[in-house]
Amino acid sequence: MPYSQLIEKMLEGDKRACARLITAVENDSDEAERIMGDIYRYTGNAHIIGITGPPGAGKSTLTDKIVKELIREGKKAGVIAVDPTSPYSGGSILGDRIRMQDLALNPNVFIRSMGTRGYLGGLSKHTKNALKVLDAGGYDYIIIETVGVGQSEVDIVKIADTVLMVMVPGLGDDIQSIKAGIMEIGDIFAINKSDLPGADRTALEVNMMLDLNPDTDRRPPVLMVTAVKNEGIVELVNQIKEHFIYLKESGRFEVRRKNNLKMELVELVEEELRKIVISHAEDENKLNDEVIEIYNKNKNVYEVRDELIRGMGTHLHRG
Amino acid sequence: MKRPIRVLIAKPGLDGHDRGAKVIARALRDAGMEVIYTGLRQTPEQIVAAAVQEDVDVVGMSLLSGAHNYLFPKVVELLKEQGVDDVLIVGGGIIPDEDIPGLKEAGVDEIFTPGTPIAKMVDYIKNNVKR
Amino acid sequence: MFDKEKLSHLKEARQRWEVGVLAKTLSKAPESKAEFKTVSGSVVKRLYTPEDIEDIDYERDLGYPGQYPFTRGYQPTMYRGRPWTMRMYAGFATAEESNERYKYLVSQGSTGLSVAFDLPTQIGYDSDHPLAQGEVGKVGVAIDSLRDMEILFDGIPLDKVSTSMTINAPAAVLLAMYIAVAEKQGVSPDKLRGTIQNDILKEYIARGTYIFPTEPSMRLITDIFDYCSKHVPNWNTISISGYHIREAGSTAAQEVGFTLADGIAYVEAAIKAGLDVDTFAPRLSFFFNSHNDLFEEVAKFRAARRLWARIMKDRFKAKNEKSMMLKFHTQTAGCTLTAQQPDNNIIRVAMQALAAVLGGTQSLHTNSRDEALALPTTDSVTIALRTQQIIANETGVTNTVDPLAGSYYIEAKTKEIEDKAMEYINKIDELGGAARAIDLGYIQKEISDSAYKYQMEIESLERIVVGVNKYQVEEEAPKGLLKVDPIVAEMQKQKINEVKAKRNNLAVEERLSLLKKACEGTENLMPYILNAVKEYATLGEICGVMREVFGEYEQAVLI
């Protein structure tokens with residue numbers, strides 16, 4: 001089926017078309033950019049929610065409950081669940097769906113599992129593309145559940161409107177280890193499995209850390225939840241919705257989205273330039289020759305950089 | 001980068017024996033595939049919904065309870081209803097030889113019985129994905 | 001176990017042997033492998049000597065059979081008194097058909113019944129539930145109401161047989177039905193002997209027929225402990241099972257470690273519920289797997305007995321010796337059966353059964369040769385039963401108690417498995433107990449790692465499975481496999497309709513609402529379940545009420 005037809009069907013709410021388009025845009029296919037170009041005007045409506053936190057925090061179960069609450073009033077929710085890809089085989093086991101399988105049949109829910117595919121735990125360009133397909137597909141909420149380690153926590157800020165940081169008692173030094181970036185990232189904190197011993201202490205620690213960070217006009221709330229028992233979910237979802245309203249009303253939504261767009265644009269430009277420079281240089285075996293020159297101290301890296309960029313100019317013209 | 005083969009590994013029905021399904025899931029991952037694992041007690045409807053949304057190349061089902069003659073064809077039928085005709089469908093478990101022709105006729109592409117080397121399953125999948 | 005002087009003398013002699021005789025042989029004919037391993041992957045030395053058991057103290061670690069720490073057996077005379085109970089797990093299709101098979105087994109010398117239920121029954125669904133489609137009567141008998149249970153035990157005097165029921169999440173309901181059938185036969189509950197599996201933790205870990213979340217499940221279990229200690233005193237209220245953990249791919253030490261960790265969780269739950277350890281602990285029983293590695297298995301059974309005795313005495317301060325005795329049922333390892341050359345399975349089962357007997361089992365199920373293909377036929381079951389009878393009557397292994405004790409290898413291995421199992425128990429304690437370790441996926445992950453390693457060894461031919469990766473032949477499809485007629489589902493549905501038409505539906509409703517109220521409170525649920533069962537409330541209705549109040553368990557999966 002040609003992609004234009006897929007887009008049409010996707011816009012009508014067809015899940016299979018939506019799934020196909022995601023496959024196309026997550027796989028650097030030739031059509032990916034054209035698809036992204038064509039659907040761009042339908043995007044920008046969804047509330048994008050990032051769920052992150054250490055492995056074992058119960059993110060999938062929590063996602064499942066949050067989605068169930070979000071769609072209660074007839075809204076549609078899309079979920080992208082990211083799991084790590086094995087660096088050795090390139091394969092992965094994507095198991096987040098297990099927790100959400102009773103949502104699989106809900107007409108208003110779409111769940112897609114993705115491997116990180118070499119992005120070291122971060123969110124790939126492909127994740128962003130998939131998200132836009134769901135956005136265009138009319139999903140009111142899009143939830144991205146990250147791997148929870150590595151680069152993902154930093155990356156999630158770049159695409160999500162609301163970042164939910166999930167913590168859990170009894171995982172030892174986790175709070176300490178993610179302390180570094182935690183203030184800037186979490187818009188809402190949820191202490192999951194709050195029926196376990198140590199939950200109050202975890203909450204206290206998070207609150208203390210948040211109190212140390214005065215330079216924000218909005219103090220992120222810290223909520224106690226027990227996802228498996230569906231406890232605290234209604235309040236959590238209210239906070240998620242309220243955060244979105246806050247973003248819109250304070251004008252931060254626009255700022256954040258524009259910032260994110262800028263970052264995306266810069267990334268795309270970087271990537272494209274890199275491709276052009278490198279392919280141009282490698283075409284003529286120039287890169288290797290230059291490396292030898294630099295190695296022999298005949299030239300320095302900065303001269304060579306400038307030469308390559310000048311060379312790219314001609315390449316661009318030829319292109 | 002070449003797109004990895006995406007496989008759904010599902011346990012249809014009420015059977016709780018997932019040793020085989022888990023071993024296969026790991027082996028397929030180690031063969032470079034993306035494996036979506038859906039856990040126990042999946043209805044045919046859930047399996048098909050997952051296959052559609054995940055846009056998988058392969059649906060693999062494992063069943064030891066003897067309900068394969070009902071559940072496997074049901075999944076095939078529902079996939080067809082959804083217009084999915086380019087997914088490779090394989091099954092495994094305690095399945096008597098005499099049931100295999102019937103399952104294949106119903107649209108299951110291959111049945112792997114106990115003792116099948118994993119390498120053979122991996123090769124089969126690699127050689128027979130339909131897209 | 002030897003004096004120091006003697007040992008140092010032995011050590012020197014061994015070193016001389018190594019550089020002399022052994023080195024010479026090895027230089028001419030090296031061994032076939034660099035390393036020899038058990039089925040569980042632990043390294044086996046070339047030779048075991050008194051040096052390997054120097055830390056073992058006979059009185060402290062072995063003792064005498066029927067005495068703490070019960071390493072040599074739970075009972076002083078063992079099979080010289082009477083052989084183990086030959087208990088064949090059976091059940092399929094309808095209660096009528098299963099009843100026929102039970103009567104046949106009893107006529108052939110089977111000394112205990114063992115009921116297999118179909119999956120809908122095990123998960124608390126009636127045969128007419130949508131999720132039951134395709135599953136009714138497949139892996140066991142379908143029981144929907146007391147009516148089916150009456151048929152199942154028709155003509156079998158319940159005061160004369162001991163009955164084991166493989167039922168877990170809805171164990172309370174099936175036990176209630178059994179009690180109700182007995183009453184109709186005029187047999188009072190205190191005359192009933194048997195076992196319910198009732199081990200929910202291993203369902204979460206390995207077997208998958210769970211219904212409710214951990215907390216209410218543990219409550220149901222302790223309610224049964226309490227009820228039975230007062231009303232059904234000869235009933236084994238739980239069979240804490242390593243069998244399925246092993247089937248899922250664990251090692252022998254993991255089987256012991258995880259099973260006993262589950263056991264600890266049940267004991268703790270019961271104590272927390274206010275029961276005195278010595279009132280319920282004597283009714284705890286265990287269920288282990290008997291796998292291929294004969295010596296490792298014998299050592300495993302002995303290690304489990306010793307470790308449990310120590311746990312009950314030291315950790316739980318049990319005073320009654322009966323609380324410390326680990327009694328167990330054994331089943332040969334289903335996962336070792338091959339679909340290829342199925343008759344070879346007879347040999348495998350015979351050796352596994354031998355290991356169980358040498359390890360001192362109290363009862364035994366031997367698998368049938370065709371179980372990798374389908375449910376066993378009557379002929380196959382007969383061979384499996386005869387295997388036990390041959391071991392009991394012809395081999396002479398029953399003549400003395402714990403015949404392998406004192407073998408350097410067996411004693412060293414027993415100690416090794418005990419130590420490794422204890423390490424797992426310590427790790428699980430650190431995580432906050434078995435229930436929490438399961439919730440975190442720790443136990444499941446350890447098992448699936450072992451399973452994967454085992455499979456990879458088969459793939460690489462490091463491990464040989466006769467007929468599967470070596471000595472294969474072209475085979476014709478086996479004939480005459482047992483098939484369950486799909487009509488069974490229809491028959492069950494019809495029976496449900498008849499029962500519902502005939503019973504007092506008002507009474508049923510009332511009993512169910514009383515049960516619901518009890519579920520919301522803290523009272524013992526057994527009397528309420530029994531009352532509902534007697535009015536012919538169906539299994540699905542009763543479990544449905546409990547599902548409503550308790551919710552359902554969500555599986556933790558780590559691969």
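A: Let's begin with what chain A is built from: 12 helices and eight strands. Please keep in mind that this is a predicted model. Along its principal axes, the C-alpha trace of chain A spans about 65 × 50 × 45 Å. Of the 319 residues in chain A, 41% are buried. If you take the contacts in chain A with a separation of 6 or more, 73% of them join residues 24 or more positions apart.

Now move to where chain A meets chain B. Chain A brings 27 residues to this contact and chain B brings 28 residues. On the chain A side, α2 (15-26), β3 and β4 (109-115) each supply at least two residues. The most comes from α2(A), with six residues. Sorted by class, the side of chain A that touches chain B has nine nonpolar, 11 polar and seven charged residues.

Keep your eye on β3(A), as it leads us across to chain B. This strand pairs with β2(B) in the parallel sense, over three bridges. To find the pairing in the structure, look for A:Ile93, which stands opposite B:Val35 in β2(B).

What does that pairing belong to? It is part of an open sheet of six strands, in the order β3(A)-β2(B)-β1(B)-β3(B)-β4(B)-β5(B), with parallel pairing. At the edges stand β3 (92-94) of chain A and β5 (110-112) of chain B; each has a single partner strand, so one side of each is left without a neighbour in the sheet. From one strand to the next, the twist averages 25°. As a reminder, strands of a sheet pair through backbone hydrogen bonds, either parallel or antiparallel.

In chain B, β1 (residues 6-10) and β2 (residues 34-37) pair in the parallel sense over four bridges. Here B:Leu8 stands opposite B:Ile36 in β2(B). Packed on the sheet is helix α2 (residues 44-54) of chain B, which touches β1, β2 and β3 (58-63) of chain B. The direction of this helix makes about 165° with that of β1(B).

The crossing of α20(C) and α22(C) is right-handed. Among the residues making this contact are C:Leu512 and C:Leu515 of α20(C), along with C:Ile542 and C:Val545 of α22(C). The contact of these helices has eight nonpolar, no polar and four charged residues.

Finally, here are some backbone details in chain C. C:Tyr536 sits in the loop between α21 (526-534) and α22. Its phi is near 70°, a positive value in a residue other than glycine. Is C:Tyr536 buried or exposed? A residue counts as buried with 20 or more other C-beta atoms within 10 Å; C:Tyr536 has 21 C-beta neighbours inside 10 Å, so C:Tyr536 counts as buried. C:Asp402, in the loop between α15 (378-393) and α16 (408-431) of chain C, has a positive phi of about 50° although it is not a glycine. C:Asp402 counts as buried because it has 21 C-beta neighbours inside 10 Å. Lastly, the peptide bond from C:Tyr68 to C:Pro69 is cis, with omega near 0°. You can find C:Pro69 in the loop between α2 (58-62) and β3 (85-90) of chain C.

Technical notes. Residues are numbered from 1 along each chain as its sequence is written. Chains are lettered from A and ligands numbered from 1 in the order in which they are written. This is a predicted model: local features need pLDDT of at least 70, side-chain atom pairs count only at pLDDT 80 or more; totals for chains, interfaces and linings use all residues. A crossing is left-handed if the near helix is turned anticlockwise from the far one by less than a right angle, and right-handed if clockwise. Two residues are in contact if their C-beta atoms, placed from the backbone, lie within 7 Å. Ala, Val, Leu, Ile, Met, Phe, Trp, Tyr, Cys and Pro count as nonpolar, Asp, Glu, Lys and Arg as charged, and the others, Gly among them, as polar. Two strands pair if DSSP finds at least two bridges between them. Axes are lines fitted to C-alpha atoms, for helices over the stretch in contact, and angles run from 0 to 180 degrees between N-to-C directions. A residue is buried if 20 or more other C-beta atoms lie within 10 Å of its own, exposed if 12 or fewer, and partly exposed in between; C-beta atoms are placed from the backbone.
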